[in-house]
Amino acid sequence: MEAKFDVLVIGAGPAGYVGAIRAAQLGLKTACVEKWVKEDGRMIYGGTCLNVGCIPSKTLLEISHKFIEARDKFEELGIKIEKLRIDIKKMIRHKNKIVYSLINGIDALFRTNGVTVLKGTGKILNEKKVEVYHNGKKSIFKAKNIIIASGSIPSSIKQAPFNGHTIIDSAAALSLQDVPNRLGIIGAGIIGIEVGSVWSRLGSKVTILDALDQVFPAVDESLAKEISKILTKQGLNIKLNVRIMGCEVKNKEVKVKFMDQFGEQSLIFDKLIVCVGRIPYTHKLIDKSSGIELDDKGFIKVDQQCKTSIPGIYAVGDVVRGPMLAHKAAQEGIMVAENIAGNNVQINYETIPWVIYTSPEIAWVGKTEQQLKSAGIKYKVGIFPFSNCGRAKANNELQGMVKIMVDAGNDRILGVHIMGQNASELIAQGVIAMEFSSSAEDLALTCFAHPTLSEAIHEAAFSTLGTTIHKV
Ligand code: FAD
Ligand code: NAI
C-alpha cells in the first residue's frame with residue numbers, strides 16, 4: 001500500500017491541530033483524524049482545551065470574577081450598581097458561543113493550510129497504517145509518519161462514580177444551567193480550585209475534599225500558603241487529609257461519606273464534581289501489531305523528542321509524560337512537525353510555565369524554593385510585593401508578589417514565581433529570561449515600562465541583588 005500522506009495526526013486537540021498545521025506549513029502532505037459530537041455533528045477541534053477545558057473554564061472564571069468585582073469592589077471606586085444579577089443560562093450560552101467560534105477558526109486554519117480532515121475514530125495498525133472508522137465504515141490510510149495526539153480524560157474513583165446528574169466531571173461542571181446551592185468537589189487540584197472558584201463566586205456554598213495535607217503541592221510553598229488563606233477568605237471550604245469512603249445518591253442529592261481526623265463524617269450536596277486528575281486516552285487506539293509501547297501508567301512511551309519505539313511514529317501532548325498543559329502539548333506538536341520536516345528542534349522542558357487562574361492568579365516557571373532546598377542548591381531570593389507597585393495601586397489589585405530565585409554562585413535565574421493580577425501574562429517575561437539564561441542583574445539593568453505590573457519583576461530582580469528602588 002502506497003503512503004497517502006507524509007504526516008497523519010490522530011486527534012485535533014492543541015497537540016494535534018497545531019502539529020498538523022505546522023507540518024502542512026512546512027510543505028508536508030498532512031491529514032488529521034478527529035471525532036465529532038454525535039448530537040450536532042460538530043467536530044471536536046481543539047480537543048479538551050477548547051471544548052471542555054482551558055477556554056470554557058477561563059471564560060467562566062473571567063465572568064464570575066467580573067461579577068464579584070461589580071458586587072464587592074466597584075462601590076469603593078465610585079461605581080454604583082443598584083440591582084446586580086447574573087443570568088446563568090445566558091453566561092453558558094456566551095461561553096458556548098466563544099467555543100464554537102474558535103472551533104470554526106480551527107476549521108478555517110485547516111482549510112487555509114491545506115490539512116485534510118479525516119472525520120472519524122483512528123486506530124493505528126501495523127506498518128504505519130491507520131484505520132479510520134466513521135458511520136459504520138472503515139477506511140485505511142498509510143502515512144510516512146504518524147503523530148498520536150489523543151489526549152486525556154478525567155480519572156474517576158470507585159467511591160464516587162460519575163452518573164452524569166449529581167456526580168459529574170469537569171466538563172459537565174462547565175455547563176451547569178443553574179447555581180447549585182451546595183456544591184461538593186473531590187480534588188483540591190487545579191480543576192477543583194478553578195471550577196470551585198467559579199461556582200462559589202456565583203453563589204454556591206463550596207466544599208472541597210482532598211486526600212493530601214496541602215493545596216497545590218507543586219506551587220512554591222510561600223505562595224501556596226498565601227493563596228490557601230485567600231481562597232478560604234473567598235468562601236471555599238477546603239478540607240484536607242480526607243479519605244473518601246463512598247457516596248449515596250437520593251432525591252437529586254448526593255451524600256459523601258469520608259474520614260478525617262475527627263473520624264467518620266458525611267456531607268450532603270446538590271452536585272458533586274470529581275476532579276482527581278486525568279489519565280492518558282488510548283482506548284481502542286493502538287492495535288498490538290503496531291508495536292507501540294505504553295508505560296505502567298498508560299502513557300505512550302516517548303523520548304525527549306516525542307519519538308515512540310517505532311521509527312516514524314510520534315506521540316505528543318497529554319497522552320505522553322510531562323505536565324498536562326495545552327501549551328506544552330502544542331509545543332510538542334510543533335517540535336515533531338519541524339523534526340519530520342528535517343529540522344532539529346528540541347523543547348526546554350525546564351522552562352514550561354504553569355498558571356493557576358485563581359484570583360489573584362499564580363504563575364511560575366523553573367524551580368520552587370522547596371525543590372532548590374531538597375536539591376542542595378545555594379540560591380538567593382528576591383521578593384517584591386505588588387502593594388509597593390504604582391500600577392497595582394492604580395488597578396486596586398494589591399495582593400501578591402513577584403519572587404525570583406537565582407543561583408548564589410553565578411546569578412542565573414532558577415525560578416520566577418508570581419502571585420497577582422495578570423500573573424498569567426507576566427510570567428512570559430520569566431520564561432524568556434530563563435530561556436535566554438538571563439541573570440537577575442540582566443533583568444535589573446533592563447528598562448521596564450511605567451506604570452506597569454512588570455515593574456514588580458524589575459524590582460524583584462533588584463531584590464536578589466540585595467535592594468529594591470521602591471522600598472520603605
Ligand atoms: P486533548 O485536548 O485531550 O485532545 C485530544 C483530541 O484527540 C480530542 O479532540 C479527541 O477527540 C481526539 N481523539 C482521541 N482519540 C482519538 C481517536 N482514536 N481518533 C480520533 N480522534 C481522537 N491547560 C492549560 O495549559 N491551561 C489551562 O488553563 C487549562 N485548563 C484546563 C481546564 C480543564 C477543566 C481541563 C479539563 C483541562 C485544562 N487544561 C489546561 C489542560 C489542557 O486542556 C490539556 O493539557 C490539553 O487539552 C491537552 O491537549 P492534547 O491535544 O494533548 O489533548
Ligand atoms: P490535579 O492533579 O491538579 O489534582 C487532583 C487532586 O485530586 C489532587 O490534589 C489529589 O490529591 C486529589 N485526589 C486524587 N485522588 C483523590 C481521592 N481519592 N480522594 C481525594 N482527593 C483525591 O488534577 P485535576 O485538578 O483533575 O487537573 C488535571 C490536570 O489538568 C492538571 O494536573 C493540569 O495539568 C490540567 N489543568 C491545568 C489547568 C491550568 O493550567 N490552569 C487548569 C485545569 C487543569
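Author: This is a predicted model. We can begin with one histidine and its surroundings. Leaving out residues up to four places away in sequence, histidine 458 touches Leu443, Ala444, Thr446 and Phe448.

Reader: In which helix does histidine 458 lie, and is it buried or exposed?

Author: Histidine 458 belongs to helix H13, made of residues 455-464. Buried means under 20% relative accessible area. Histidine 458 has 19% relative accessibility, so it counts as buried.

Reader: Which residues surrounding ligand 1 are the closest?

Author: The shell of ligand 1 holds 37 residues. By class, 17 are nonpolar, 15 polar and 5 charged. The closest are Glu34, Thr48, Lys58, Gly122 and Asp318.

Reader: How far is a polar side-chain atom of lysine 58 from an oxygen atom of ligand 1?

Author: Side chains of several residues have polar atoms by the oxygen atoms of ligand 1, so take them in turn, with a cut-off of 3.5 Å for a polar contact. For glutamate 34 the distance from a polar side-chain atom to a ligand 1 oxygen is 2.5 Å. For threonine 48, a side-chain N or O atom is 2.7 Å from an oxygen of ligand 1. For lysine 58, the distance between a polar side-chain atom and an oxygen atom of the ligand is 2.7 Å.

Reader: What percentage of the area of ligand 1 does the protein bury?

Author: Ligand 1 taken alone exposes 1000 Å². Of that area, the protein buries 93%.

Reader: Which element gives the largest share of the shell around ligand 1?

Author: Several elements supply at least two residues each, including helix H1 (14-25), strand S2 (30-34), helix H3 (54-73) and strand S4 (121-124). Helix H2 (47-52) and H8 are also among them. The largest share is 4 residues, and it comes from H2.

Reader: Which residues come nearest to ligand 2?

Author: Around ligand 2 there are 21 residues. The classes are 14 nonpolar, 3 polar and 4 charged. Those that come nearest are Ile191, Asp210, Gly277, Met324 and Val355.

Reader: How far is a polar backbone atom of methionine 324 from an oxygen atom of ligand 2?

Author: Isoleucine 190 has a backbone N or O atom 3.3 Å from an oxygen of ligand 2. For isoleucine 191, a backbone N or O atom lies 2.9 Å from an oxygen of the ligand. For methionine 324, the distance from a polar backbone atom to a ligand 2 oxygen is 2.6 Å.

Reader: What percentage of the area of ligand 2 does the protein bury, and which helix gives the largest share of its shell?

Author: Taken alone, ligand 2 exposes 840 Å², and the protein buries 76% of that. The largest share of its shell is 3 residues. They come from helix H6, residues 190-201.

Reader: Where does UniProt place the feature "binding site"?

Author: The UniProt entry is unreviewed.

Reader: Is alanine 326 buried, partly exposed or exposed?

Author: Alanine 326 lies in helix H8, residues 326-340. Not counting residues up to four places away in sequence, it touches Pro14, Cys49 and Cys54. Alanine 326 has 23% relative accessibility, so it counts as partly exposed.

Reader: Which residues is histidine 327 in contact with, leaving aside its neighbours within four places in sequence?

Author: Histidine 327 is found in helix H8. Its relative accessible area is 38%, so histidine 327 is partly exposed. Leaving aside neighbours within four places in sequence, its contacts are Ile352 and Pro353.

Reader: Which residue does a cis peptide bond join to proline 360?

Author: Proline 360 sits in the loop between strand S18 (354-356) and strand S19 (361-366). The cis bond has an omega of about 5°. Its other partner is serine 359.

Reader: Is phenylalanine 216 buried or exposed?

Author: Phenylalanine 216 is in the loop between strand S10 (205-209) and helix H7 (221-233). Its phi is near 50°, a positive value in a residue other than glycine. With 5% relative accessibility, phenylalanine 216 counts as buried.

How values were computed
Residues numbered from 1 in each chain as written. Chains lettered and ligands numbered in written order. Predicted model: local features only at pLDDT ≥ 70, side-chain atom pairs only at ≥ 80, totals over all residues. Heavy atoms only, no water. UniProt positions renumbered as here; feature names shortened; annotations may be inferred. Buried < 20%, exposed > 50% of the residue type's maximum accessible area, 1.4 Å probe, protein only. Contact = heavy atoms within 4.5 Å. Near = heavy atom within 4 Å. Polar contact = N/O pair within 3.5 Å; in protein donor to acceptor, adjacent residues only side chain to side chain. Areas by Shrake-Rupley, 256 points an atom, 1.4 Å probe, with all protein chains shown as cover. Nonpolar A, V, L, I, M, F, W, Y, C, P; charged D, E, K, R; others polar.
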